[in-house]
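Visitor: I would like a close look at a single part of this protein. Please keep to the salt bridges and what surrounds them.

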Amino acid sequence: MGWNRAASVEYAGTVGSGCVVAPGLVLTAYHVVQPVDELEDAPIVVRVMDGGAEGPRVVAELAWHRWDAALLSYRPLDLAREFAPVRWGELTCVRPTPTPPECTAVGLPLSALRRIYGTGATDRWYRGEHVATGRINVVDNASRTYSLQVESVPQDIRGADSPWLGMSGAGVFCDEVLIGLATDALDGWGNGRLDVLPVRRLLDDRQFCSLIHSAAGTWPRLEPADLDALFDTSPLPAAASSYLLSPRSEVVSFTGLATEMTELVDWCRTGKTADVAVVHGPGGVGKTRLAVELARRVSDRRPEAERLADDLEAPWSAGFLHLDLPAQQPSPYTMLRHLIRPVLVVIDYAESRQGQVEQLLAALATHQPPGKPVRILLLARSLPAWWQRLRARHGTMTNGPVVELSPHDLYRQQDPHEAREQAALAFTQRIAALRRAGVPDDWDPDDIAALVRASEHTPINEDAGMLAVHMDALAGVLAHTPDGLEDGLSPTQVLIAHEAKHWDRAFSAHGLDENIPPELRPVLVSVQRMARAKNEDQAAGAIRTAWDFYYRRFRKPLDADTAMKLLRVLRDVYPATDGGYWGGLGPDTLTAALIDDIEETSDEQFLEYVLTSPHLAEDQVRHCLSIVARAIPTQPYLRTNAAYVIASHPEHLIPLAEDIAEQLPEDDRDAWWEAVADIQDDIAAEQQDFNTDDPAGAAESPAPDEPADSDAEDAWDIEDHDADPDGEGAMEPDGNMALTSEPPRPHRHATPAHRTLSSGRAAAPPPTRPRASYVSLRRRTVIETVRDFIEGHVLLSLFIGVSLAVTPVTLILIWTVIR
């Protein structure tokens with residue numbers, strides 16, 4: 001609602017309102033700061049409103065003005081506060097669901113004048129912040145102004161032209177999106193309506209956009225504010241590899257795929273009311289970047305096209321559909337039938353969102369002219385049976401192009417070396433722009449010196465797509481080695497190290513420097529990404545899972561204060577962009593490398609602990625499996641580890657694994673089930689051998705699908721009866737519990753049999769990294785545990801044995817002397 005951006009603007013004895021839209025820039029009404037004769041040198045003073053408190057006051061200068069809008073510039077550090085770039089938007093729906101969106105404006109109207117009582121002449125008057133709440137009366141794209149119909153109408157003030165004096169310049173927000181600028185009170189409505197200048201008109205001015213770009217580091221884009229409940233938000237600028245590599249950040253200019261882009265633009269311009277197209281290909285080849293560029297091209301501001309009779313040439317609305325939407329009637333998707341603009345809806349990872357796609361198409365089944373065109377673009381890694389079923393059920397709406405992308409398609413106009421140089425230049429420019437905008441960044445290339453080491457397990461990014469080129473380019477920029485990285489150092493290592501600085505800044509800002517060990521932070525970030533949280537309870541379960549895994553050997557209670565701080569810090573590190581409680585690390589290649597590193601250094605217990613955690617809901621476990629499945633192309637040995645956990649807990653995980661398998665390409669799906677079947681055979685064989693050796697112990701062994709922690713405790717139940725209630729008795733985990741530099745422990749062996757599938761096609765060969773026994777630590781019997789202890793502690797066992805042998809002789813001698 002703009003509370004934290006509202007500002008007062010004072011000039012030549014008048015008071016107006018404003019809104020901080022970017023670091024060092026305040027948007028206000030021009031008539032508030034318009035030069036006054038003989039007072040041209042009077043300072044323009046800006047103060048951020050803070051609930052009536054006297055915040056810092058800074059002197060600003062007029063940087064731009066047009067119509068009744070003005071931009072004021074000041075030194076960002078003078079306000080001693082950080083401001084992320086504002087989101088710009090417009091209203092596009094004439095029948096929003098369930099009700100028209102509420103709009104708010106925070107300003108300093110004369111009606112909010114307050115008195116501080118003193119003694120006689122010491123009384124002081126001041127203007128308090130006032131929130132004007134209401135709704136935009138008419139939604140169209142041709143009107144030059146909006147009319148805000150306020151809910152609480154102020155009374156006339158004797159001797160004043162209007163009780164709204166001082167409200168001019170206030171930003172008008174629809175939720176968190178700035179849609180307009182309050183300029184005046186409309187006559188004839190009894191103080192009940194405010195005239196609002198739509199910000200879409202400001203974004204038609206290139207000089208205005210250039211100033212915003214210089215201050216924020218990103219070019220302003222117009223969003224459909226009333227569709228905010230449907231569409232993802234853009235990532236917030238941050239000095240983090242995840243932001244710089246995100247295709248939605250548009251850091252690197254779009255190149256290549258000209259043929260595919262032309263085909264999709266032509267599809268948007270066809271006369272059909274509703275249609276579906278699909279772009280598919282392996283991860284990292286540019287599917288999302290192609291969709292982002294398509295959305296940008298069809299939604300680009302073209303003022304001359306606003307009033308054209310041909311709707312298809314007018315600017316479109318566009319967005320990526322939220323992953324989860326609340327169940328409500330009527331369906332929120334019906335809003336897409338009542339828009340003033342054509343709309344492009346992009347659905348990423350469509351293969352894992354079949355139910356949502358079905359709901360969307362069902363809501364659009366009755367969409368007919370004169371409704372505006374709706375285009376649905378599905379992005380998927382493969383097109384197994386789900387696409388054929390979708391076309392069979394919605395044949396008339398699924399006639400759009402089917403575009404397949406492969407890595408070589410990206411290099412029609414340039415080779416990988418040229419693409420890397422272009423990407424490196426773009427990353428360098430964006431990093432510099434973020435620093436100019438005041439985005440915190442304490443990265444030092446020397447921070448990666450410790451990573452340069454020879455290691456046979458150094459992660460190598462073998463992805464041949466554009467993402468691999470961009471990762472290599474960004475790693476070179478961060479390491480200040482434009483000609484390539486040093487031996488033994490991979491791009492993934494550099495990028496994760498850079499991302500870790502982003503985590504550290506956030507943990508430090510929340511006072512968690514000492515309480516949260518550096519080795520615990522990647523565990524928290526990994527579980528945050530894997531176990532996507534819809535609400536606070538699910539987020540709490542994810543935090544508890546990461547915490548309990550890290551302290552699995554020496555239990556340490558998670559106190560409520562630390563838990564709440566972790567909730568806040570993880571939301572700050574990765575804010576929600578898709579309607580969930582928080583976001584997560586990206587792209588998938590970085591997530592895969594981080595998961596694999598934790599899995600390897602934890603003796604391959606991480607996946608089993610997460611996938612069997614009692615603190616995670618079923619949909620969270622399903623999402624964990626989905627993330628692991630996406631990680632397999634770049635970290636193939638995770639397939640064996642995941643298959644082991646699935647085979648060990650079949651009742652709980654096999655149904656979820658079946659859902660994930662449906663989303664995979666045929667070869668990957670066969671390899672997935674082949675690995676599970678092989679491990680089931682191994683477990684059965686080992687169990688049979690154990691039954692032969694110790695039939696009595698076998699009867700007492702727990703079931704293989706028994707969860708790691710049978711206590712179904714609440715995610716927020718932080719009591720730990722086995723640890724010191726003050727937390728002081730809990731010991732820190734040893735070095736091999738998380739990310740460390742010590743040599744890795746043995747791994748589970750690869751699947752022994754390379755079998756032929758019933759279809760006659762051979763399964764994919766198993767990974768070559770050595771693996772340890774499939775027998776889980778939580779399924780070992782007492783005999784096995786004692787045997788392993790003796791084998792692993794030979795000297796200690798020898799000492800205990802000798803002591804036991806000598807002790808009787810010593811006692812006999814003592815008894816003899818005493819007698």
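Does Asp588 count as buried or exposed?

Guide: Asp588 counts as buried, at 12% relative accessibility. Buried means under 20% relative accessible area, exposed over 50%, and partly exposed in between, with a 1.4 Å probe and protein chains only. This is a predicted model, in which local features need pLDDT of at least 70 and side-chain atom pairs count only at pLDDT 80 or more, while totals for chains, interfaces and linings use all residues. Residues are numbered from 1 along each chain as its sequence is written, and side-chain values use heavy atoms, leaving out hydrogens and water.

Asp588 forms a salt bridge with Arg529, with the closest N and O atoms 3.4 Å apart. A salt bridge here is a side-chain nitrogen of Lys or Arg within 4 Å of a carboxyl oxygen of Asp or Glu. Asp588 lies in helix 15 (residues 588-601) and Arg529 in helix 12 (residues 520-530), so the pair ties together parts 59 residues apart in sequence. Helices are DSSP runs of H or I with at least four residues, strands are runs of E with at least two, and both are numbered from the N terminus. Arg529 is buried too, at 16% relative accessibility.

The structure holds 32 salt bridges. Another one joins Arg393 and Glu358, with closest N and O atoms 2.5 Å apart. Arg393 sits in helix 8 (residues 385-393) and Glu358 in helix 7 (residues 354-363). Arg393 is exposed, at 54% relative accessible area. Arg341 and Glu90 also pair, at 2.7 Å from N to O. Both Arg341 and Glu90 are buried.
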